[in-house]
Amino acid sequence: MTDESVRIVVLGSILMGISCGLIGSYVVSRRLSLFGDTLSHAVLPGIAIGFVWAGEKNNLSLLVGASVAGFLGVCCIGLLNKSTKIKEDSSLGIVLSAFYAVGICLLTRIQKSGMSEQSGLESYMFGQASALSYGDLEILSIALLLVGAFVFANYKELLVTGFDPEFSKSIKLPAELLQYCLWALIAFCVISSLQLVGVVLVSALLVIPAATASLLAQRYAGYLALACLLGAASGLGGSFLSFLGNNLPTGPLIVLSSTSLFLLILFCRPKNGLIIRWLNFRSTKKRIARENLLKAAFQILEAKEFDPTEITIEEMMNKRRATNAMVRSDFEDLIHAEFATASIIEESKQDLPGQTRITLTPQGWEYACRIVRNHRLWELYLTNEAQYEPDHVHEDAEKIEHVLGEETVRQIERLLKNPRTDPHGKLIPSLDDVRQGSIPTTPFLGPTKMR
Amino acid sequence: MNLFPEFSMEASFIEPWSSASQVRWSLEVIVMGTLVSWSCGLIGSFIVVRRMALMGDAISHGILPGLVIAFLLGGSFSVAPMLLGACIAGLACSFCIEWLRHHTTIRQDAAMALVFTSFFALGVTLINLQGGHLDIDAGCILYGEIGLTPLAPEMQVLGLELGNRAIWTMGVVTAIVSMVVIFFYKQLLLASFDPTLAQSSGWPIRKIQMAIMLLLALTTVASLEAVGVILVVAMLIFPCVTASFFCVRLSSILIFTFPLGLLYSIGGFHLAQWLDCSIAAAMAVAATCVFIVAFLFGTQDGCLLRFLKNSRGSASAQ
């Protein structure tokens with residue numbers, strides 16, 4: 001931090017991070033991400049011509065040349081979009097490759113003509129932070145000031161024109177003018193950052209912090225602030241890293257640190273980060289498996305007309321077509337969750353020694369009843385209200401039984417007038433059965449025709 | 001200095017064809033350029049139709065870490081591992097983009113810019129971490145130098161001299177791309193224009209799109225060594241949009257690619273002879289010039305035609 005050049009680079013990276021983050025949030029929310037990439041390539045012929053014009057690497061002439069070329073590029077994109085049927089992405093690609101090709105032609109001309117001092121031009125391709133001067137710092141701060149002032153003054157207008165072009169047209173906002181100002185500012189930001197990160201990586205600085213912020217933010221102001229903060233953080237992180245390792249380039253490290261911030265937030269963000277989502281997915285899967293098990297237990301008991309109330313491993317194996325070990329671990333899970341109790345019985349003829357039988361506890365019974373009730377109510381609802389055939393409803397009910405809430409179930413029940421049998425003639429456990437944990441006492445009705 | 005050297009017929013048109021060795025060099029460069037623009041033009045038409053024109057740009061930057069890692073693991077510049085590494089990196093790049101697009105709120109354009117710049121930055125950093133040991137010049141990949149094509153080693157099969165290896169590689173890739181386009185034209189067409197319909201008629205739409213991406217990665221990687229990123233991006237986009245000024249059907253656009261490719265490489269080659277600059281860039285400039293001509297005089301929606309129509313329309317209105 002004591003070295004003069006170190007201070008310049010760190011300060012420059014932070015300034016660049018803030019201004020690129022701020023303007024980048026508009027770039028991302030208006031789907032202009034590849035526009036930045038195109039602009040940064042399109043300035044190349046301008047840089048070459050500026051260099052030839054001044055006869056040396058002169059910051060001002062390069063800046064003027066780059067600005068003119070960037071402006072021309074923007075005009076070409078606008079022209080192609082307006083006057084032809086060419087899609088926006090293709091016109092970006094056309095301008096990018098055409099301008100870049102002209103730029104490379106000029107650069108190779110310059111190299112072959114053997115002009116001295118042309119080495120500085122290479123730095124615009126990949127950036128050369130160590131060559132950053134006070135002049136560059138001034139340009140970076142001017143860029144930040146301009147962007148900040150523009151966003152501060154036009155915050156509302158930009159918001160409206162960005163999200164509701166029709167409405168902004170109806171209240172006569174100068175949407176076109178704002179858009180061109182925005183494009184010009186993007187171009188200026190890109191040009192001012194070229195010395196630090198180079199042509200290829202500028203668009204990363206525009207896009208990555210803003211994309212990261214868009215994962216987190218709820219409101220637009222917060223989104224802007226977050227993007228600035230993330231841009232500054234990655235600028236600081238990148239320049240710091242580049243001084244830690246010797247001889248590492250600053251530009252790519254700035255980009256890499258903002259990418260790591262992005263990945264960090266993608267995986268660990270509070271509400272729907274990937275880790276949280278994965279955990280949720282796991283627990284939901286587990287719940288559904290348990291519910292299916294309880295339902296199977298209910299069906300076994302139903303087949304035995306609820307007497308006796310014990311379930312053997314063998315019965316469950318037959319019912320679910322599972323192996324002994326799987327059912328055993330399922331049973332252990334149920335016992336662990338206090339939905340069932342185990343009873344070891346003495347040897348008998350058909351049972352193997354020490355075989356576990358389980359009896360559902362009142363909680364387990366209630367849970368099982370509720371799932372079966374959801375399933376059968378939904379089947380009945382589909383046949384009666386949605387006119388499904390009775391043999392088509394099972395798959396659908398298999399899925400919905402796990403997500404129906406208490407409220408919805410009541411509604412369906414009211415709609416169907418408290419039914420007792422489902423389309424297949426099976427009993428629908430009533431609310432009383434569920435509540436009291438008693439065994440349904442209504443006699444088995446046998447298949448009845450609905451409708 | 002003067003940017004434009006004086007035009008001389010002799011230097012730009014006669015000299016490259018003056019002696020046997022010169023003719024051979026010029027022919028190899030032109031054949032290479034033509035092959036690149038054919039294969040890129042064919043696959044590029046489907047990319048442009050899907051509104052992913054800059055995907056080529058993204059993939060061609062994204063393969064850099066693959067090249068570096070392949071070099072570090074293999075320890076040499078032999079072609080097979082490099083090609084494999086680049087292909088894997090290119091596919092990883094397009095996979096990441098698709099994943100971000102489908103599983104987060106990030107839009108496609110942002111996902112593209114995010115992924116390929118990150119990959120590129122990773123590649124540049126890896127190169128720099130190696131210090132002086134690694135001889136990959138990131139700039140070389142960006143510019144490419146088609147003029148070096150004739151320097152590629154000769155290929156020998158069963159003792160037969162077959163000729164330049166770079167051209168053979170590119171030729172095989174071009175053949176693969178054209179075969180796929182010819183045999184699976186219907187599938188590619190529907191998958192690009194109406195993915196929903198294709199899906200509803202039970203086609204494996206994801207697989208078809210992955211196949212397009214695979215072909216794109218293959219073409220990009222194969223051409224990159226010779227011609228660099230600019231020419232790849234230009235050749236992916238220009239043939240299709242230029243042809244669309246003259247024809248409407250995709251099949252005729254695809255056929256139009258072939259004469260355009262020839263025009264680009266021959267025109268660009270002579271332009272480079274005149275200006276004494278990078279040949280690949282000059283080919284892209286030639287493509288730009290052809291595009292501008294098409295833009296002005298195209299029979300479909302060209303500027304001149306529209307101007308005439310407008311003035312006739314306003315004249316009859318009066």
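Helices (H or I, at least four residues) and strands (E, at least two) are DSSP runs, numbered from the N terminus. The model treated in these exercises is predicted: local features need pLDDT of at least 70, side-chain atom pairs count only at pLDDT 80 or more, and totals for chains, interfaces and linings use all residues. Residues are numbered from 1 along each chain as its sequence is written, and chains are lettered from A and ligands numbered from 1 in the order in which they are written.

**Exercise 1. The two chains**

State how many helices and strands chain B has, and what percentage of its residues count as buried. Then do likewise for chain A.

Solution.
1. Chain B contains 14 helices and two strands.
2. A residue is buried if 20 or more other C-beta atoms lie within 10 Å of its own, exposed if 12 or fewer, and partly exposed in between, with C-beta atoms placed from the backbone. By this rule, 48% of the 318 residues of chain B count as buried.
3. Chain A has 19 helices and three strands, and buried residues make up 41% of its 451 residues.
4. Two residues are in contact if their C-beta atoms, placed from the backbone, lie within 7 Å. Among contacts between residues at least 6 apart in sequence, 67% join residues at least 24 apart in chain A; in chain B, the figure is 69%.

**Exercise 2. Confidence**

Report the confidence values of each chain and of the complex.

Solution.
1. The predictor's confidence in each residue, from 0 to 100, is the pLDDT. Its mean is 81 for chain A, where 89% of the residues reach 70 or more.
2. In residues 441-451 of chain A the pLDDT is below 50, and this stretch has 13 contacts in the model beyond near neighbours in sequence. Where pLDDT is low, the predicted coordinates should not be read in detail.
3. Chain B has a mean pLDDT of 82, with 83% of its residues at 70 or more.
4. For the complex, the predictor gives an ipTM of 0.87 and a pTM of 0.79.

**Exercise 3. The interface**

Determine which helix supplies the largest share of the side of chain A that touches chain B.

Solution.
1. In the interface, 51 residues of chain A are in contact with 49 residues of chain B.
2. On the side of chain A that touches chain B, at least two residues each come from α2 (33-42), α5 (88-112), α6 (119-126), α10 (175-216) and α12 (250-268) of chain A.
3. The largest share, 17 residues, is that of α5(A).
4. Ala, Val, Leu, Ile, Met, Phe, Trp, Tyr, Cys and Pro count as nonpolar, Asp, Glu, Lys and Arg as charged, and the others, Gly among them, as polar. The residues of this side of chain A are 32 nonpolar, twelve polar and seven charged.

**Exercise 4. The nonpolar cores**

Identify the residues that touch the most other members of the largest nonpolar core.

Solution.
1. A nonpolar core is a set of buried Ala, Val, Leu, Ile, Met, Phe, Trp, Tyr and Cys residues joined through C-beta atoms within 7 Å.
2. The largest core has 190 residues, of which A:A101, A:V207 and B:I230 touch the most other members. Helix α11 (residues 205-243) of chain B gives the most to this core, with 24 residues.
3. Leaving aside residues up to four places away in sequence, A:A101 touches B:I230, B:A234, B:A281, B:A284, B:V285 and B:T288.
4. Another core, of 20 residues, lies apart from the largest one; A:A297, A:F339, A:W365 and A:Y367 are among its members.

**Exercise 5. Individual residues**

Is A:K295 buried or exposed? Where is A:E338 placed? Which residues of helix α9 of chain B are buried?

Solution.
1. A:K295 belongs to helix α13 (residues 274-303) of chain A. A:K295 counts as buried because 22 C-beta neighbours lie inside 10 Å. Not counting residues up to four places away in sequence, A:K295 touches A:A368, A:I371, A:V372 and A:H375.
2. A:E338 is in the loop between α15 (324-336) and β2 (340-344) of chain A. Although A:E338 is not a glycine, its phi is positive, about 60°. With 11 C-beta neighbours inside 10 Å, A:E338 counts as exposed.
3. In helix α9 (residues 185-193) of chain B, the buried residues are B:L188, B:A191 and B:S192. They lie on the same side of α9(B), because they cover an arc of only 95° around the axis; the arc is that of the directions from the helix axis to the C-beta atoms.
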